[in-house]
Amino acid sequence: IAGLECGIDMQQEYICKGNTEVEGIAVGCMAGPEGGHGRVDMEKAMAVSCNCYFAELGEKIGYHKIIGVASKMGFGRKTMNDFPEEIEGNLPRIEKLGPWDTSNLSIGQGELLVTPLQICQMTAAVANGGYLVMPKVILNDSVEKTKVVDNDNILRLRKCMKEVMISGTAKGEWILDVYGKTGTAEVGSYGEGINVCWFTGYCRQDDKNYVITVMVDKGTSGTKDALPVFRSIVDFLGKN
């Protein structure tokens, strides 16, 4: 979203060789093929989850812009007023960051910590046309919402998330119209090699959007561990 708001062209390409260096910090596409993903634009990078592309994108737009958009999307604060047990995650203060944080912020690593509910809220904004909606434990008609992404960029994001399901890390046969994104975050406090695995997305059925976010603690990858849970929920919705 930050890149699109800065006017980055979705068709602008980057050649991924499997690793890159941004502001002195090395970044690799650990799940990519040997030699990298090759020539990718934004849509392809989203589909194959290319760390190098997004790290380079982050360098172009700057960490200040990324933090600003992350705050607008609800990171670093609770999503509900009436649920005191909810935690806030962590959105680093801009004055404590420097250019060396750019690559980690660009791929959701480093000091950035988010909850499944925050990710679900952000994904819902893509599904509903760009509005950040305050969720409720019990659904009612009086939903508070704020426009956070313009319509053109929402359409671009949806195109990227659709490609994930068609040719990327979540490709396969789907019984509903689905959009999504895999994610894998390393957790240093658990020790080397421990991952928190994610899948977030939404499906359309009977003119309604169902937003689903899955987090698997101590897994292998978003594709292997979180995606099957997402698929089972989509299949349930599609058959009922």
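Let me start with a contact: the side chains of Arg 93 and Glu 95 meet in a salt bridge, 2.5 Å from N to O. By salt bridge I mean a side-chain nitrogen of Lys or Arg within 4 Å of a carboxyl oxygen of Asp or Glu. Arg 93 is exposed, with a relative accessible area of 52%. For that scale, buried means under 20% relative accessible area, exposed over 50%, and partly exposed in between, with a 1.4 Å probe and protein chains only.

A quick word on what we are looking at. This is a predicted model, where local features need pLDDT of at least 70, side-chain atom pairs count only at pLDDT 80 or more, and totals for chains, interfaces and linings use all residues. Residues are numbered from 1 along each chain as its sequence is written, and side-chain values use heavy atoms, with hydrogens and water left out.

Back to the charges. How many salt bridges are there by this rule? The count comes to seven. One of them joins Glu 5 and Lys 72, at 2.6 Å from N to O. Glu 5 lies in helix α1 (residues 2–5) and Lys 72 in helix α4 (residues 63–72), so this pair ties together parts that are 67 residues apart in sequence. Helices here are DSSP runs of H or I with at least four residues, strands are runs of E with at least two, and both are numbered from the N terminus. Glu 5 is partly exposed at 30% relative accessibility, and Lys 72 is partly exposed at 29%.

Another salt bridge links Arg 204 and Asp 177, at 3.8 Å from N to O. Arg 204 lies in strand β8 and Asp 177 in strand β7, so these two tie together parts that are 27 residues apart in sequence. Arg 204 counts as partly exposed, at 29%, and Asp 177 is also partly exposed, at 29%. There is a network too: salt bridges that share partners join Glu 5, Lys 65 and Lys 72.

Now the aromatics. The structure holds four aromatic pairs. Rings of Phe, Tyr and Trp (its six-membered ring) pair if their centres lie within 6.5 Å; planes under 30 degrees apart are stacked, over 60 edge-to-face, and the rest tilted. Tyr 179 and Tyr 202 make a stacked pair, 4.8 Å centre to centre with 5° between the planes. Tyr 179 sits in strand β7 (residues 177–186) and Tyr 202 in strand β8 (residues 195–205), so the pair ties together parts that are 23 residues apart in sequence. Both tyrosines, Tyr 179 and Tyr 202, are buried.

Phe 199 and Phe 230 have ring centres 4.6 Å apart and planes at 55°, so that pair is tilted. Phe 199 lies in strand β8 and Phe 230 in helix α8 (residues 222–238), so here the parts tied together are 31 residues apart in sequence.

Which charged end sits over the ring of Trp 174? That of Arg 231, 3.9 Å from the ring centre. The rule is that NZ of Lys or CZ of Arg lies within 6 Å of the ring centre and within 35 degrees of the ring normal.

Last, the cysteines. A search of the whole structure finds zero disulfides, a disulfide being a pair of cysteine sulfur atoms within 2.5 Å. Cys 16 is in no disulfide, and its nearest cysteine sulfur, that of Cys 50, is 3.6 Å away. Cys 16 is buried at 1% relative accessible area, and Cys 50 is buried at 0%.
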